Amino acid sequence: RVHGDTPPCRMDIVRSARDIPVESLPPGVVMGYDDDPLCTTPVFYPTMAQMRNFADYMAVLEPIAHPFGALKLVPPAEWRARSTPYTESQVENFVIKSPIQQEFSGAGGILSAIYVAKAK
């Protein structure tokens with residue numbers, strides 16, 4: 001998906017979500033940041049239309065959030081989680097192409113995460 005003349009987010013100069021220029025965001029993307037000054041993770045506020053096309057929405061957010069290693073989504077008020085759990089037969093048909101193992105290290109509240117792709 002191409003967003004015309006939207007200027008790219010200059011991640012070489014961005015150190016916090018607060019530093020992302022609003023004009024660099026693709027059209028229709030609403031972003032904020034956590035009130036915690038130590039939290040650099042961008043916070044996004046999708047519309048119901050964006051939630052219905054979640055894969056497309058995430059493809060738009062990925063280049064923005066990738067340098068931070070995480071993002072936070074605040075769903076719209078009218079959004080509801082699944083009302084019923086997945087059935088056993090649905091779970092049996094899930095395909096995980098490349099499992100990821102998370103490895104954490106650190107101390108004193110400062111953690112580092114490494115994501116390792118594992119063979120099936």
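From the N terminus on, the elements of this protein run β-β-α-α-β-α-β-β. That comes to three helices and five strands, where helices (H or I, at least four residues) and strands (E, at least two) are DSSP runs, numbered from the N terminus.

Before I go on, a word on where this comes from. The model is predicted, so local features need pLDDT of at least 70 and side-chain atom pairs count only at pLDDT 80 or more, while totals for chains, interfaces and linings use all residues. Residues are numbered from 1 along each chain as its sequence is written, and side-chain values use heavy atoms, with hydrogens and water left out.

Now the overall picture. Of the 120 residues, 22% count as buried. Buried means under 20% relative accessible area, exposed means over 50%, and partly exposed is in between, with a 1.4 Å probe and protein chains only. Contact means heavy atoms within 4.5 Å. Among contacts with a separation of 6 or more, 38% are between residues 24 or more positions apart.

Next, helix H2. Which residues of H2 are buried? In this helix, residues 54–65, they are Tyr57, Val60, Leu61, Ile64 and Ala65. Seen down the axis of H2, these buried residues fall within an arc of 125°, so they line one face of the helix. The arc is that of the directions from the helix axis to the C-beta atoms. On the face turned away from the buried side, H2 carries the exposed residues Ala55 and Ala59. What covers the buried residues of H2 includes strand E2 (42–44), helix H1 (48–52) and strand E3 (72–73).

Pro42 lies in strand E2 and counts as buried, at 0% relative accessibility. Its C-alpha atom is separated by 9.9 Å from that of Leu61, 19 residues apart along the chain. Met51 belongs to helix H1 and is also buried, with a relative accessibility of 17%. Leaving aside neighbours within four places in sequence, Met51 is in contact with Pro46, Pro75, Pro76 and Trp79. For one of these, Pro75, the C-alpha atom is 7.8 Å from that of Met51, and the two residues are 24 apart along the chain.

On to the aromatic rings. A pair of aromatic rings is described by the distance of the centres and the angle of the planes. Rings of Phe, Tyr and Trp (its six-membered ring) pair if their centres lie within 6.5 Å; planes under 30 degrees apart count as stacked, over 60 as edge-to-face and the rest as tilted. By this rule there is one aromatic pair. The rings of Tyr86 and Phe94 have centres 5.0 Å apart and planes at 85°, so the pair is edge-to-face. Tyr86 is partly exposed at 44%, and Phe94 is partly exposed at 47%.

Last, a residue from a loop. Where is Pro99 found? Pro99 is in the loop between helix H3 (88–92) and strand E4 (100–107). At 25% relative accessibility, Pro99 counts as partly exposed.
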